[in-house]
Amino acid sequence: MRIGIVLYPTFGGSGVVATELGKALAKKGHMVHFITYSQPVRLGGFKENVFYHEVSVSDYPLFDFQPYETELASKMVDVVKYEKLDLIHVHYAIPHASAAFMAKQILATQGISIPFVTTLHGTDITLVGRDPSFEPVITFCINQSDAVTAVSESLKADTLKHFDVKNDIHVIPNFIRLNKSSEKNNNEEIRELYANKNERILCHISNFRKVKRVEDVIRIFAKVVKTRPSKLIFVGDGPERYHCEMLCRELSLCEHILFLGKVRDTSHVLNISDVFMLPSETESFGLAALEAMAVGVPVISSNTGGIPEVNLNGVSGFLSDVGDIDEMAKNTLHVLEDEHLHTFKLNAKKQAENFSLDRILPMYEEIYSKLVQRT
Ligand code: GMT
């Protein structure tokens, strides 16, 4: 098939899932055309069957706000027409689904029929999408999509609760490429760069938005480090990073906490970590937690949204109510104990196998085939 994938090219989970999906489809022989405003961070170098179409954003002085949706829709029309695409798959509803709807309508006037699939990822429904100013457009686009998928049962339930959706929503969980991420180097040399031999390593990877509650990670760590010598590694950047750095200083924890900033390939950090922290306010799935589990890192998380579908309480880690720092610290110390850590690591890896690419990819292909046959 010839598939157009519209995505955010950034470190955010929806962009990672869309890029990895496209790469996997290309490997299976599909022609994959990524459409977005800059090269997706996870795309890497040249790959057979993969093409990237950049949406150039106009900087005409009249525009205080650039008309990205219009430019994206125009690019989609062009790519569908000249690359003879069979379907478009958009990741994250805003504004990708409405741009796809517009492109579809324009193409219909030229006798070209193209179905589009919308994948809902999370904040497009749970935070941004629930803003009343977006609601009519999101509801319309979900209902106009030729197929709709959501990354967890929880996200599907949230969508049905908050929007007047008439379309079916297929739950297709996020996935992990196990063979790559499970190549654990056991690289003691790298580990020694960050921690002493007797120390455990906790890590958190995110875009440092409020919803991630990164300050909770620091407050949990402050309790853990009193009992067990440890280091905390932060990967990523975003609006809350500055506050977090201030909190580390305030709590005199700077010598124990490292902020690495944005890192393209997080596997090196995950490979040397003993526990992954995800205390989010809401989380439709928690791809970062799954990536950690895939290399045998147990997860201490909140029990919100789709996280319980990924992290199993007492098995691959622990879940607590949002903001329950005391319990999360207690659970972290439990996991880090010598007699428990190995079992939690094995369990985390085993649970991640339920989300292997081999199991999930056919679910998308089945939806694509049905739509293409219908057109
Ligand atoms: O919120 C983010 O971290 C980014 C966002 C995105 O769409 O890029 O993540 C959402 O989609 C991910 C991929 O499906 C999920 O793993 C995240 O749980 C979800 N984030 C939230 O729901 C807060």
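**Reading the ligand site**

User: How do the residues of the shell around the ligand divide into nonpolar, polar and charged?

Analyst: Four are nonpolar, 11 polar and three charged. Here Ala, Val, Leu, Ile, Met, Phe, Trp, Tyr, Cys and Pro count as nonpolar, Asp, Glu, Lys and Arg as charged, and the others, Gly among them, as polar. Bear in mind that this is a predicted model: local features need pLDDT of at least 70, side-chain atom pairs need 80 or more, and totals for chains, interfaces and linings use all residues. Numbering runs from 1 along each chain as its sequence is written, and side-chain values use heavy atoms, without hydrogens or water.

User: Which residues are closest to the ligand?

Analyst: A residue is near if one of its heavy atoms lies within 4 Å. Of the 18 surrounding residues, the closest are His121, Asn174, Arg209, Glu283 and Ser284.

User: Which polar side-chain atoms lie by an oxygen atom of the ligand?

Analyst: Look for N or O pairs within 3.5 Å. Arg209 has one 2.4 Å from a ligand oxygen, and Asn207 has one at 3.3 Å. For Glu283, a side-chain N or O atom is 2.6 Å from a ligand oxygen.

User: Which domains does the shell around the ligand draw on?

Analyst: Domain bounds come from an automatic or database assignment. At least three shell residues come from each of domain 1 (2-175 + 356-374) and domain 2 (178-355). The centres of domain 1 and domain 2, taken over C-alpha atoms, are 30 Å apart.

Note on methods. Polar contact = N/O pair within 3.5 Å; in protein donor to acceptor, adjacent residues only side chain to side chain.
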